[in-house]
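Let's take a friendly walk through this protein, from its overall form down to a single residue.

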Amino acid sequence: MTSTSDVPERQLLPGSVVTPEGVVTDGVVAVEGTTIRYAGPRASLPPAWVGVASPAGWPGGLTLLPGLVDIHCHGGAGGEFGPDAEAGRRAAAHHHANGTTTLVGSLVSDPAETLVKGTTTLAGLVGAGQRAGIHLEGPFLSTARCGAQNPAALIDADP
């Protein structure tokens with residue numbers, strides 16, 4: 001395992017870079033510490049980054065997705081988003097350590113009291129910058145197509 005002290009402060013990651021505009025085949029991602037400073041065409045690389053090295057053994061030819069935005073995530077690393085703030089922090093830390101830069105916490109259908117507690121907990125994590133928002137996946141779903149939702153937690157909408 002490589003410690004963070006072994007990682008250069010600035011490095012360039014060449015490859016095909018996926019951007020909002022499309023895939024840049026001759027692209028680079030410029031990383032400073034744990035922050036992406038640039039992602040795009042090599043030809044448009046800011047001058048301060050020209051000559052910065054790639055990590056030792058970088059294979060090149062990879063497709064890079066700088067900054068994954070996950071808009072539907074229930075948890076990870078054994079932690080679920082809901083009333084338990086520590087479980088939510090653990091899940092978020094796992095995703096942030098593995099390439100997710102923006103995360104929306106999703107709550108499954110539950111009784112109203114549990115959803116209110118989960119929403120309150122996630123609101124604190126949104127306020128702390130650990131989440132971009134909250135997604136309620138119910139409880140107003142059809143029991144005929146409820147997927148992994150607990151049918152006992154589903155209720156009819158009241159217009």
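The radius of gyration used here is taken over C-alpha atoms, and the globule rule is 2.2 Å times the number of residues to the power 0.38. For a compact globule of 159 residues that rule points to a value near 15 Å, but the protein has 20 Å. Along the principal axes, its C-alpha atoms fill a box of roughly 60 × 35 × 25 Å.

A word on the source: this is a predicted model, in which local features need pLDDT of at least 70 and side-chain atom pairs count only at pLDDT 80 or more, while totals for chains, interfaces and linings use all residues. Residues are numbered from 1 along each chain as its sequence is written, and side-chain values use heavy atoms, leaving out hydrogens and water.

Now for the fold. There are two helices and nine strands, where helices (H or I, at least four residues) and strands (E, at least two) are DSSP runs numbered from the N terminus. Their order along the sequence is β-β-β-β-β-β-β-α-β-α-β. Of the 159 residues, 32% count as buried, that is, under 20% relative accessible area with a 1.4 Å probe, protein chains only.

Finally, zoom in on Asp70, which is found in strand β5 (residues 68-73). Asp70 is buried yet has no salt bridge (a side-chain nitrogen of Lys or Arg within 4 Å of a carboxyl oxygen of Asp or Glu). The nearest side chain of opposite charge, Arg131, is 10.0 Å away; Lys and Arg count as positive, Asp and Glu as negative, and His and the chain ends are not counted. Which residues does Asp70 contact, leaving aside neighbours within four places in sequence? They are Thr100, Thr102, Leu103 and Val104, with contact meaning heavy atoms within 4.5 Å.

Conventions
Buried means under 20% relative accessible area, exposed over 50%, partly exposed in between (1.4 Å probe, protein chains only).
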